[in-house]
Amino acid sequence: MIGRITGTLLEKTPPTVCVDVGGVGYEIDVPMSTLYTLPETGAKVTLHTHLVVREDAHLLFGFASAGERGAFRQLIKVTGIGARIALAVLSGMSVAELAQAVTLQESGRLTRVPGIGKKTAERLLLELRGKLGADIGAVAHAVHDNQADILNALLALGYSDKESAAALKQLPEGVGVSEGIKQALKALAR
């Protein structure tokens with residue numbers, strides 16, 4: 001497996017880039033998020049890669065970070081999601097946004113990606129749950145510090161990501177941790 005490529009960036013023709021490594025030009029498909037971070041042509045570039053070997057082709061996919069590649073690998077494991085759809089997802093949202101959408105079970109964010117319908121979005125949410133390493137971290141960064149502590153407390157008490165996120169949305173802005181936990185538990189008890 002080719003895990004990483006370092007070489008000279010020869011051309012950028014979205015969604016494909018060509019990287020010269022020792023006189024061999026590798027065509028690599030990249031998500032738009034990676035394409036925007038690449039330097040100008042002629043500069044040295046390093047991409048984390050994933051090689052897909054099919055009967056009719058060997059396809060190389062490149063990513064700016066190992067986290068992006070990890071998310072891609074999780075996406076292509078989902079039933080009905082191929083490499084092109086996985087690239088579209090990563091082009092439409094960052095890994096942190098994807099993890100947050102999965103944690104909060106927000107299918108609407110996924111359906112905005114071209115090629116993802118309601119059923120596919122729901123399948124993604126179901127099969128990716130708990131598999132993206134930054135699930136809880138993404139939510140914790142997206143909310144106020146106190147709310148992150150409240151979220152972690154609810155998760156530790158055994159409530160699901162979806163239930164905990166719904167309870168957090170009902171809390172007033174700037175609530176303290178202990179009061180927030182009490183109010184969230186009351187909301188969950190209803």
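**The strands and their surroundings**

Mentor: Of the 190 residues in the chain, 41% count as buried, where buried means under 20% relative accessible area, exposed means over 50% and partly exposed lies in between, with a 1.4 Å probe and protein chains only. The model is a predicted one, in which local features need pLDDT of at least 70 and side-chain atom pairs count only at pLDDT 80 or more, whereas totals for chains, interfaces and linings use all residues. Residues are numbered from 1 along each chain as its sequence is written, and side-chain values use heavy atoms, with hydrogens and water left out.

The chain holds 10 helices and 5 strands; helices (H or I, at least four residues) and strands (E, at least two) are DSSP runs, numbered from the N terminus. Along the principal axes, the C-alpha atoms fill a box of roughly 65 × 30 × 25 Å. Among contacts in the chain with a separation of 6 or more, 52% come from residues 24 or more positions apart, a contact being heavy atoms within 4.5 Å.

The strands may be followed from β1 (4-13). β1 pairs with β2 (16-21) in the antiparallel sense over 5 bridges; two strands pair if DSSP finds at least two bridges between them. Lys 12 has Val 17 of β2 as its bridge partner. β1 and β2 form a hairpin with 2 residues between them, and Pro 15 has its place in this loop. The peptide bond from Pro 14 to Pro 15 is cis, with omega near 5°.

Strand β4 spans residues 44-53 and pairs with β5 in the antiparallel sense over 6 bridges. Leu 51 has Leu 60 of β5 as its bridge partner, and a hairpin of 4 residues joins β4 to β5. Strand β5 (residues 58-63) is mostly covered, with 5 of its 6 residues buried. In a regular strand, side chains alternate between the two faces of the sheet.

Thr 41 lies in the loop between α1 (32-37) and β4. Its relative accessibility is 45%, and Thr 41 therefore counts as partly exposed. Thr 41 and Leu 10 are 31 residues apart in sequence, yet their C-alpha atoms are 5.4 Å apart in space. Leaving aside neighbours within four places in sequence, Thr 41 is in contact with Leu 9, Leu 10, Glu 11 and Lys 12.

Two helices complete the account. Helix α2 (residues 66-77) and helix α3 (residues 83-92) pack at an angle of about 135°, with their axes 9 Å apart. The contact is made by Glu 68, Ala 71, Phe 72, Leu 75 and Ile 76 of α2, together with Ala 83, Ala 86, Leu 87, Val 89 and Leu 90 of α3.

Key. Axes fitted to C-alpha atoms, helices over the stretch in contact; angles between N-to-C directions.
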